[in-house]
Amino acid sequence: MRVLIVEDEPNLRQQLSNTLEGAGYAVDLASDGEEGHFLGSTEQYDAIILDLGLPEVDGLTVLDRWRREGKATPVLVLTARDSWSDKVAGLDAGADDYVAKPFQTEELIARLRALIRRASGNASAELTAGDIRLDTRSGKVTKAGDPVKLTAQEYKLLSYLLHHKGKVVSRTELIEHIYDQDFDRDSNTIEVFVTRIRKKLGADVITTIRGLGYSLDEPDAPPAA
Ligand code: CA
């Protein structure tokens, strides 16, 4: 899952970035409204964290522009403390949720997870396919109850496919959602990650759809006894 943070306060921006990267997200950063608007319009994000008080273009205007452009990416706005008018204005402009400053990072991440989950139609924080479970809160993956260690990139790829279980996901889409902007994107590495995930979780966990991409399906239920 890939997230954009638009925040002009350098310490907060970096702290959020570190925390989200640590939690398994690919993260892009923007420090003003103009850059933030551009990235949000041209790149593919699973969610955006948007400060409202920004230089160049303010956050509400940025949000309003995205919505007018038809960008439906979930947006969580950061509002000034106790400013109810900010919250109302943010929600009216098309925000999906808000967190008031100062906030606990844990709360912000929980809200972000919920936004991403809802946007992909998943009600539970635990994503499953057959006997494979991925807990989006702890970042832990198990197969038949046994913990499985994945690298950061393997986790990002599996998490994206699990969020979109049953759909065919192209290589391009995977690249757009598991790498940040600065990453040297090589589509061949996707196949390498898929091979490694299959080795760790079972050969049938990810199906290759020739010419289209990959799909993670619920394995057929065992026949009833
Ligand atoms: Ca600000």
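This is a predicted model: local features need pLDDT of at least 70, side-chain atom pairs count only at pLDDT 80 or more; totals for chains, interfaces and linings use all residues.

Visitor: What is to be noted about the backbone angle phi of A144?

Guide: The point to look for is a positive phi in a residue other than glycine. For A144, phi is near 50°, which is such a value. E56 provides another case, with phi near 70°. E56 belongs to the loop between strand 3 (47-51) and helix 3 (59-68), and its relative accessible area of 61% makes E56 exposed.

Visitor: Which peptide bond is cis?

Guide: Here the angle to read is omega. The bond from K101 to P102 is cis, with omega near -5°. P102 sits in the loop between strand 5 (97-100) and helix 5 (105-119).

Visitor: Where do D51 and G53 fall on the accessibility scale?

Guide: D51 has a relative accessible area of 4% and is therefore buried. G53, at 48%, is partly exposed.

Visitor: How does one find empty space in a model?

Guide: Rolling a probe the size of a water molecule over the atoms shows where empty space is left. In this model, the largest pocket holds about 490 Å³ of space. The pocket is lined by 27 residues, of which A23, S138, G139, K140 and Y155 are the closest to its centre.

Visitor: Which elements supply the lining of the largest pocket?

Guide: At least two lining residues come from each of helix 1 (10-22), helix 5, strand 8, strand 9 and helix 6 (152-163). Helix 6 gives the most, with 5 residues. Domain 1 (2-119) and domain 2 (126-215) each contribute at least three residues to this lining.

Visitor: What is the make-up of that lining by class?

Guide: The lining of the largest pocket has 11 nonpolar, 9 polar and 7 charged residues.

Visitor: How many residues does the largest nonpolar core have?

Guide: A core is read by its members and by the contacts among them. The largest nonpolar core has 46 residues, and those with the most contacts inside it are L20, V141, L157, L158, I190 and I206. Helix 6 provides the largest share of this core, 6 residues. Each of domain 1 (2-119) and domain 2 (126-215) gives the core at least three residues.

Visitor: How should I read pairs of residues that are separated in sequence?

Guide: One sets the separation along the chain beside the distance between C-alpha atoms. T79 and V99 are 20 residues apart along the chain, with their C-alpha atoms separated by 6.3 Å. T79 is in strand 4 (residues 75-79), and at 1% relative accessibility T79 counts as buried.

Visitor: Is A80 buried, partly exposed or exposed?

Guide: A80 is partly exposed, at 41% relative accessibility. A80 lies in the loop between strand 4 and helix 4 (84-92). A80 and V99 are 19 residues apart along the chain, and 8.8 Å separates their C-alpha atoms.

Visitor: What is the distance between Y98 and K87?

Guide: The C-alpha atoms of Y98 and K87 are 6.8 Å apart, for a separation of 11 residues along the chain. Y98 is part of strand 5 and counts as partly exposed, at 29% relative accessibility.

Visitor: How far apart are R133 and P147 in sequence and in space?

Guide: They are 14 residues apart in sequence and 9.4 Å apart in space, C-alpha to C-alpha. R133 is in strand 7 (residues 132-135), and with a relative accessibility of 41% R133 is partly exposed.

Terms used
Residues are numbered from 1 along each chain as its sequence is written. Side-chain values use heavy atoms; hydrogens and water are left out. Buried means under 20% relative accessible area, exposed over 50%, partly exposed in between (1.4 Å probe, protein chains only). Helices (H or I, at least four residues) and strands (E, at least two) are DSSP runs, numbered from the N terminus. On a 1 Å grid over the protein atoms alone, a cavity is a set of points where a 1.4 Å probe fits but cannot get out, and a pocket is an open set with protein on both sides within 12 Å along at least five of seven lines; lining residues have an atom within 4 Å of a point. Grid points are joined across faces, edges and corners, and a volume is the space filled by probe spheres set on the points. Ala, Val, Leu, Ile, Met, Phe, Trp, Tyr, Cys and Pro count as nonpolar, Asp, Glu, Lys and Arg as charged, and the others, Gly among them, as polar. Domain bounds come from an automatic or database domain assignment. A nonpolar core is a set of buried Ala, Val, Leu, Ile, Met, Phe, Trp, Tyr and Cys residues joined through side-chain atoms within 4.5 Å.
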